Each structure stands twice: as structure tokens, then as C-alpha cells.
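Please open the structure in the viewer and keep the selection tool at hand.

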Amino acid sequence: MRITHLRRFGLATVLASSLALFGVSQSASADVPADVSFSADQTAATPGGTVNLKMTFTNNQTTDVWFVYQSVQPTWQTTQRTDLKYALASCSGTGVTCTGAGTTTLGVNYSVPVAPGTSRTVTIPVQIAAASGCNGDIAFYSYVYYEYNNSQSHKDGVFNSPTMHVNCATPAPAGAH
């Protein structure tokens, strides 16, 4: 019986220590800004409208970033609404080029090196097709992988855009031209 109690105590101690360490590491990382942040100029649009997403990559490391791979694609929930028609029309930003404009997925390329503490911002217009369905949400996620410390270290993560709601177009009042 005694060994069983010691094992239970040991297991509980290990679990409690692990949770305590996880909690400490989470609070320490809260002070560091995200590697990628998104914003949108509006949260809703109608078919035929455009929402401008801004996405900023920030080098939070103490050394230059020498390689960055980033993609932007629709979330699973967005892909389930096949009636929503939209395209990532283009992208623009200093030190940034994109591949895949005009589709629903982009590859984002940054001119390197990206010095510590500096950012690269890209604007991505999301064009909602005039023939799009409505009363649905469009959102994207971005996977980022980058190397720093002379490519000896790397980091990656997934970041989510704001959700854009597609409203139905308001019909013109009767008798209006």
C-alpha cells in the first residue's frame, strides 16, 4: 500500500510541476508581440465590395531573419460555404511580394534580412464577387515559418485574420432608379 501512495504522490507532483512551468512560460511569452498580426478596414461587406486586410510580420528575435515562408489561405469554415465567391485580389507593401493573386490562397515573400524589431506590412484586398452568396463569414489563416540566428534557429506558427461577414445587398426602394 505504501508504494502505491508514493507513486500517486509522485505522479501528482510531476503533473503539478508541469502545469506550473507551463503557466509560467505562458505568462512570460504574453509580453512578446505576435510574429504576425492582422487587421481589416471593415468587418462586413456586400457582394461586389472589397475588404482590405493588413498583415504585419515582425521580427521579435535578437538577430536578423534570413528566411521566411508564409501562406494565407481560407479557414475550413470558409471553404464549407461554397456559395461565397471571393479572391485575394493582390498584395502590396514595401519589401513584400506575393504569389497567387486572384485566387483564394497567397504565398507571401519578404525581402531579407528582416532586422530585429522591424516589421513588413502587406495589404491584401479581399474582393467579394458580385455573384457571391451572402450571410456568411470569410476568414483566413496564415502559416509562417522563419529562420534566424544565421539559420541556426527557427520558429513557426498559425495566425488568424479577422472574420469578414458578407451581408446581403440591400435592395433599392421601390420606384428608385
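This is a predicted model: local features need pLDDT of at least 70, side-chain atom pairs count only at pLDDT 80 or more; totals for chains, interfaces and linings use all residues.

Begin by selecting strands E1, E3, E8 and E5, which form an open sheet of 4 strands in the order E1-E3-E8-E5, with antiparallel pairing. Strand E1 (36-40) and strand E5 (86-88) stand at the edges; each has a single partner strand, so one side of each is left without a neighbour in the sheet. From one strand to the next, the twist averages 20°.

Next, select strand E3 (residues 50-58) together with strand E8 (residues 119-128): the two pair in the antiparallel sense over 9 bridges. Which residue of E8 is the bridge partner of asparagine 52? The partner is proline 125.

**The aromatic pairs**

The whole structure contains 6 aromatic pairs. One of them is formed by tyrosine 69 and tyrosine 143; the pair is tilted, with 6.2 Å centre to centre and 55° between the planes. Tyrosine 69 belongs to strand E4 (residues 65-74) and tyrosine 143 to strand E10 (residues 140-148), so this pair ties together parts that are 74 residues apart in sequence. Tyrosine 69 is partly exposed, at a relative accessible area of 43%, and tyrosine 143 also counts as partly exposed, at 26% relative accessibility.

Now select tyrosine 86 and phenylalanine 140. Their ring centres are 5.9 Å apart and their planes stand at 80°, so the pair is edge-to-face. This pair, too, links distant parts of the chain, as tyrosine 86 lies in strand E5 and phenylalanine 140 in strand E10, 54 residues apart. Are these two residues, tyrosine 86 and phenylalanine 140, buried or exposed? Both are buried.

A further selection is Phe57, Tyr110, Tyr146 and Tyr148, which form one aromatic cluster.

Finally, centre the view on isoleucine 124. Apart from its neighbours within four places in sequence, isoleucine 124 is in contact with Val51, Asn52, Leu53, Met55, Leu88, Ser90, Cys91 and Leu106.

Technical notes: Residues are numbered from 1 along each chain as its sequence is written. Side-chain values use heavy atoms; hydrogens and water are left out. Two strands pair if DSSP finds at least two bridges between them. Axes are lines fitted to C-alpha atoms, for helices over the stretch in contact, and angles run from 0 to 180 degrees between N-to-C directions. Rings of Phe, Tyr and Trp (its six-membered ring) pair if their centres lie within 6.5 Å; planes under 30 degrees apart count as stacked, over 60 as edge-to-face and the rest as tilted. Buried means under 20% relative accessible area, exposed over 50%, partly exposed in between (1.4 Å probe, protein chains only). Contact means heavy atoms within 4.5 Å.
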